Amino acid sequence: MGHRMIEEFLELVGIDAPSGNERRMADALKSKLVALGCSVSETAPPADGNTGNLLAVYPGTGTGSVLFSAHMDRVPRGLGIRPRIADGEITSGGDTILAADDVAGICAILEGLRQARTTQTARLEILFTVSEEAGLLGSAAFDASLLQAEYGYVFDSSGPVGRVIQAAPYGAALSVSVHGLAAHAGNEPEAGVNALKVLSRILATIQDGRLDEESTANFSVIRAGEATNVVCAYARADGEVRSHSREKLDAYIAYLHRHSTACVEQTKARVSCTAALKYPGFLVPTHDPCVEKVLHACTTLGIRAYTQRGGGGMDANHLNARGISCVGLGTGYYKNHTTEEKPLVDEFLKAGELADTLMRTE
Ligand SMILES: [Zn+2]
């Protein structure tokens, strides 16, 4: 099986699948899923996309339904990937990412099905989403009433197989806009109000980075000014806040408003802040059958398993919000989203074994 999984990985990373244009990947996966005995449907594409989520159903002969999910798209710098294998590692050519995030997850699920279908399985629902990396757009638009499963596994986390992400934060997009006043920078600078200077003061004094043990904030995109000979009339910073606590998330948004307003008080500038929830957080308790089952499956396979809180949003956030208990599973890749991304071959193969074990019914 090792060889087969790696062959399939090399095949799939070679198919370009940027967020919003997963067409070729979806078509390739559709035929694989049909060949494995699934009925496959495709949902309507989200806005700005040409491909919908794939939902495959493998009927199984056992009781119950379980969801398995991974995403088809990849972050930018993922076109024309030429993977290499050496010393137990798969790497990109160095000029692209590798897209193990999340082709490794797709391969684990396909291999699990390939093995588990030789025995008794639950009804398996396999959801391959689109535009995950563009902001969880596929899972956000997904109609979970299409599912029968009450719980599921999202094969889309870095780290070793056995790492179980049982919680993820709420996330909100933030912006701070400062309106100053334009004036000729040489003739009458005193008539202007420099919005960029005011924005700088706001950012220089705001609390950000790690706020507490379960919350973070970051501002890193700035738009300001048009020319050096004009006093800057408008400046905007975009950022984000994440917290495992909804209350703390809301409290930070209120603080952002207060802080920004206080910073412009002694100036002639105006400030406005916006905040928009990007994804809801989740926590699947350790005693939930979803967690218990994967910990048990790891023990059976001799894999050291542990639960952790994740720091990012993933499709599991939206699935949990729709009442399906889902955890994220480490899939054996590291440094994802960079050109140094790599899965360890033995970890990657274990992910397939774990999917297989989770699919079987005793
Ligand atoms: Zn991913």
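How many residues of domain 1 are in contact with how many residues of domain 2? In this predicted model, 11 residues of domain 1 contact 6 residues of domain 2. The domain assignment of the protein chain places residues 2-168 + 281-359 in domain 1 and residues 170-279 in domain 2. Taken over C-alpha atoms, the centres of the two domains are 37 Å apart.

The largest pocket draws on both domains. Domain 1 and domain 2 each contribute at least three residues to its lining. The pocket holds about 570 Å³ of space. Four strands each supply at least two lining residues: E7 (151-157), E8 (163-168), E12 (234-243) and E13 (270-279). By residue class, the lining of this pocket divides into 10 polar, 9 charged and 7 nonpolar residues.

The largest nonpolar core contains 81 residues. Within it, Phe 9, Phe 68, Phe 128 and Tyr 153 touch the most other members. Helix H3 (residues 100-116) gives the most to this core, supplying 10 residues. Neighbours within four places in sequence aside, Phe 68 contacts Ile 109, Leu 124, Glu 125, Ile 126, Leu 127, Tyr 153, Phe 155, Ala 355, Leu 358 and Met 359. A second core of 26 residues is separate. Among its members are Val 193, Ala 195, Ile 206 and Ala 237.

Technical notes
Residues are numbered from 1 along each chain as its sequence is written. This is a predicted model: local features need pLDDT of at least 70, side-chain atom pairs count only at pLDDT 80 or more; totals for chains, interfaces and linings use all residues. Side-chain values use heavy atoms; hydrogens and water are left out. A nonpolar core is a set of buried Ala, Val, Leu, Ile, Met, Phe, Trp, Tyr and Cys residues joined through side-chain atoms within 4.5 Å. Buried means under 20% relative accessible area, exposed over 50%, partly exposed in between (1.4 Å probe, protein chains only). Contact means heavy atoms within 4.5 Å. On a 1 Å grid over the protein atoms alone, a cavity is a set of points where a 1.4 Å probe fits but cannot get out, and a pocket is an open set with protein on both sides within 12 Å along at least five of seven lines; lining residues have an atom within 4 Å of a point. Grid points are joined across faces, edges and corners, and a volume is the space filled by probe spheres set on the points. Ala, Val, Leu, Ile, Met, Phe, Trp, Tyr, Cys and Pro count as nonpolar, Asp, Glu, Lys and Arg as charged, and the others, Gly among them, as polar. Domain bounds come from an automatic or database domain assignment.
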